Amino acid sequence: MSMNNHGRPTGTGTSGFASTSGSALLPNEPLLFEIGDTEHSGVDLPDVTIATDRLGGFERRMPLDLAGLTEPEAMRHYVRLSRLNHSIDSGMYPLGSCTMKHNPRLNEKMARLPGFADIHPLQPVYTVQGALELMNQLSHWLMTLTNTAAVALTPKAGAHGELLGMMAIKAAQDAAGQGHRKVVLVPESAHGTNPATAAFLGYSVKAIPARDDGTVDVQAVKDALSADVAAIMLTNPNTCGLFEPQVIEIAEAIHDAGAFFYCDGANFNAIMGVVRPGDLGIDAMHINLHKTFSTPHGGGGPGAGPVVLSKALAPFAPVPFVRKDGSGLELVEHAEGDALGRITAFQGQMGMYVRALTYMLSHGGDGLAQAAQDAVLNANYIKARLAHAFSVPFGDYPTMHEALFDDSFLAGTGVTTLDFAKALIDEGFHPMTMYFPLVVHGAMLIEPTESESKQTLDRFCDVMEELAADAKAGNAARFTAAPLKAPRRRLDETRAARSPILKWERAEETLKAAE
Ligand SMILES: *Cc1c(COP(=O)(O)O)cnc(C)c1O
């Protein structure tokens, strides 16, 4: 063991730090606390002698629980960790319903302009007129693309937008003396966030079955309607990748019953610039800017889920919002009339607004429509190329932006959807979405997006075909053992979910010694 000039031991310790050598460039990366230790600083600071305590007895008694690392140590740790991840920048990421498309670098460049990146939410509004103008333009694009009357930019995720949209519906019904409506209809194929949102707001959820062709059973919607129903939460295109053919009939039935139509717009990438949801009769819809309008996502944020609102719900839009007055743009921060209060502390994810508007302006209206059409074309290409080897549950309709397969092609092979997805990791692809939507047994949901080239799609399809053939040829072991080439093998996912270790804990003895 050697010491560096801070007296900190380096090299092999009991913590297994030596592991950064030994497995070349895919180390078993230790924790920061195992690389460094908490008693030393990674930088040279003069010793401090405190003559008089000016903290009123509140000075720290125990070491600060942060690992003291030098800049290169800290940087290498995070760079090494980043290499353990699959990302859209390292390979195809066909995760259905997540729209993992390329994030143009132009967006990043614009988001880093100091006039956007360095402003503070509490700055006087006359100093941030450009930022407000950008928010105003983004609102205009979102309302134009959806043919709606208002937009709330602030929600920070799709699920957050769902909550806001349903709060607006609740407020509108309370204002109209319809507060007794306590039921929300949710089709079986819905994303889990839909029933969760309704339940969170105190509604009871009534499931609407899917028809054999994967679309919502319109008769079942009509049968479920009553004076107790507040709203339907419907995804279109739905999570089977299908455009609901009777969506207008559903909207009319909902409105005739005095209820509202909430649309989960997470799949807007399939229809932007082609269909305006307002024309279909929706009252509220969130748009995942991080999906459709290309902010890097999948790593936990940031997200943005603006909600567009119909005329009936517009008065209930939350604050803050941007309003043009004679001399410039103002930020309306206090609720007037029926407006809801705030759903976020400040104005939302400014960096994402910049990325989204950059994406819109660089594509133009026609370019957005082209992107949607290409996304649909790519998904149908995959569906057509793989249909002979995989099982297609709903073959009656062309698909929208994603191709859905079930696991019946694996019957008798001893290979499950999970095994199949794990084998795909060994081939360098991120797995597709598995076991969702729930209406299909052993679902595999593949969303290639418009940003993959035909060569990439072909390489992906070649691998998928080869895997399907190998499974059918009886080579189950390749699948059940996979992944073999990933930094981690199969995880105990139940334990990881039930008892995650999220925080480094100082060993008991050190705590005692410090007392
Ligand atoms: C992604 C998604 C959501 C949730 O969006 P978040 O930003 O992850 O909260 C909701 N519904 C559908 C259909 C989605 O694909």
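Between domain 1 and domain 2 of the protein chain, the count of salt bridges is 0. This result, like those that follow, refers to a predicted model. On the side of domain 1 that touches domain 2, the residues divide into 12 nonpolar and 10 polar ones, with 3 charged residues making up the rest of that side.

The domain assignment of the chain places domain 1 at residues 106–361 and domain 2 at residues 369–498. To the contact between them, domain 1 contributes 25 residues and domain 2 contributes 20 residues. The C-alpha centres of domain 1 and domain 2 are 30 Å apart, and the area buried between these domains is about 1700 Å², with 65% of this area given by carbon and sulfur atoms.

Aromatic rings were also examined, and the structure holds 9 aromatic pairs. Among them is the pair formed by Phe409 and Phe420, which is edge-to-face, with a distance of 5.7 Å from centre to centre and an angle of 85° between the planes. Phe409 lies in the loop between strand S12 (403–405) and helix H12 (417–426), whereas Phe420 lies in helix H12, so the pair ties together parts that are 11 residues apart in sequence.

Technical notes:
Residues numbered from 1 in each chain as written. Predicted model: local features only at pLDDT ≥ 70, side-chain atom pairs only at ≥ 80, totals over all residues. Heavy atoms only, no water. Domains from an automatic or database assignment. Contact = heavy atoms within 4.5 Å. Buried area = accessible area lost by both parts, 1.4 Å probe. Salt bridge = Lys/Arg side-chain N within 4 Å of Asp/Glu carboxyl O. Nonpolar A, V, L, I, M, F, W, Y, C, P; charged D, E, K, R; others polar. Phe/Tyr/Trp six-rings, centres within 6.5 Å; stacked < 30°, edge-to-face > 60°. Helix = DSSP H or I, 4+ residues; strand = E, 2+ residues; numbered from the N terminus.
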